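Subject: Structure handover

Hello,

Here is the structure I said I would pass on. My notes on it follow below.

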Amino acid sequence: MTVRPKFIAACLGYGLMIVAAGAIVAHASEPSDYLPPSAGHRPFNADMPPGTVGAARALGRGPLAGYFQPVAFNGPPGTRFALAASDGFTSPDPRLMAGLGVGSVYRFQITGIPGAEGAELYPTVEIIDRTYPPPGLATSHPIPITLDVQDLRAALDGQLVTRVVYLEDPQTALPVAETPTTSRTMEIAGNEDALEVADRLGRPVAIVRIGSRMPPGHPALMSQFNFGYPSWAPIYQPEATPTP
């Protein structure tokens with residue numbers, strides 16, 4: 001399987017990454033917001049089996065136990081997302097947001113792929129750290145899992161795309177504004193480790209792996225395919241108000 005490694009700088013919108021983003025910039029200078037790892041993830045790499053990095057991080061520092069990190073899924077127009085559940089998958093949603101546990105791996109479904117009607121993808125997202133937004137604003141600033149059409153088409157062609165989402169160091173972040181549905185993507189060479197590169201630039205929070213693997217035909221294997229159905233918390237987003 002061809003590997004197309006990528007990692008993404010995803011702006012969470014409250015000054016942790018890009019101080020010019022305009023939302024609660026004062027928190028950019030507070031050490032508790034960034035919490036850079038002392039030694040990074042050097043013993044690990046993005047090619048390890050899903051769950052390895054997250055499980056190690058869950059045993060480390062910080063208030064992680066029982067915390068559900070808000071995560072928002074975004075894609076090209078028409079794309080819909082659904083999370084694995086014990087009775088199948090949730091209802092497809094173009095604006096899916098959910099609280100996911102640090103250290104867990106979640107299988108999700110992608111449908112409505114532009115130019116590939118009827119096709120489905122089943123990537124994974126591994127939460128390897130949490131964010132520390134201002135009190136009461138966690139759901140306003142989720143970790144964005146933003147996929148582009150090139151990622152989806154590469155996976156449909158049998159390639160494996162790996163994205164490492166990280167918080168930029170507020171002292172070195174580029175002064176470029178981002179929105180919850182946009183992110184800056186940097187492609188790296190096939191011989192580079194996306195997790196190591198992300199460690200150098202900031203604090204990794206999630207690993208997304210997009211491949212062409214499909215659900216097994218036997219129901220007894222679905223639990224293994226979906227990593228044991230880890231717990232998650234639904235987050236209901238208000239409907240967008242039309243602009244007059």
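Predicted model: local features only at pLDDT ≥ 70, side-chain atom pairs only at ≥ 80, totals over all residues.

Phe227 sits in the loop that runs between α5 (222–225) and β12 (232–234). Its phi is positive, about 55 degrees, although Phe227 is not a glycine. Most residues other than glycine have a negative phi. Tyr229 is found in the loop between α5 and β12 as well, and Tyr229 has a positive phi near 50 degrees, again in a residue other than glycine. Tyr229 counts as partly exposed because its relative accessibility is 25%.

Next, the sheet that includes β12. An open sheet is formed by 4 strands in the order β8-β2-β5-β12, with mixed pairing. β8 (143–146) and β12 are at the edges with a single partner strand each, so one side of each has no neighbour in the sheet. From one strand to the next, the twist averages 30 degrees. Within this sheet, strand β2 (residues 68–74) and β8 run parallel and are joined by 4 bridges. Asn74 is the residue opposite Thr146 in β8.

How many of the residues of β6 are buried? The count is 7 of 7, so to speak a strand that is mostly covered. Val105, Arg107, Gln109 and Thr111 point one way from β6, while Tyr106, Phe108 and Ile110 point the other way; all are buried. Strand β3 (residues 80–85) runs antiparallel to β6, and 4 bridges join the two. Phe81 has Ile110 in β6 as its bridge partner. β6 also pairs with strand β7 (residues 124–127) in the antiparallel sense, over 3 bridges. There, Tyr106 stands opposite Val125 in β7.

Leaving aside residues up to four places away in sequence, Leu147 touches Asn74, Gly75, Pro76, Phe81, Phe108, Ile110, Leu152, Arg163, Val208 and Ile210. Among these contacts, Phe108 and Ile110 point the same way from β6, and Leu152 is one of the buried residues of helix α3.

That leaves α3 (residues 149–156) itself. Its buried residues are Val149, Asp151, Leu152, Ala154 and Ala155. At the start of α3, a side-chain oxygen of Asp148 comes to within 3.2 Å of the backbone nitrogen of Gln150. After the helix comes Gly158, with a positive phi near 95 degrees.

That is what I have for now.

Regards

How values were computed:
Residues numbered from 1 in each chain as written. Heavy atoms only, no water. Buried < 20%, exposed > 50% of the residue type's maximum accessible area, 1.4 Å probe, protein only. Polar contact = N/O pair within 3.5 Å; in protein donor to acceptor, adjacent residues only side chain to side chain. Contact = heavy atoms within 4.5 Å. Pairing = 2+ DSSP bridges. Axes fitted to C-alpha atoms, helices over the stretch in contact; angles between N-to-C directions.
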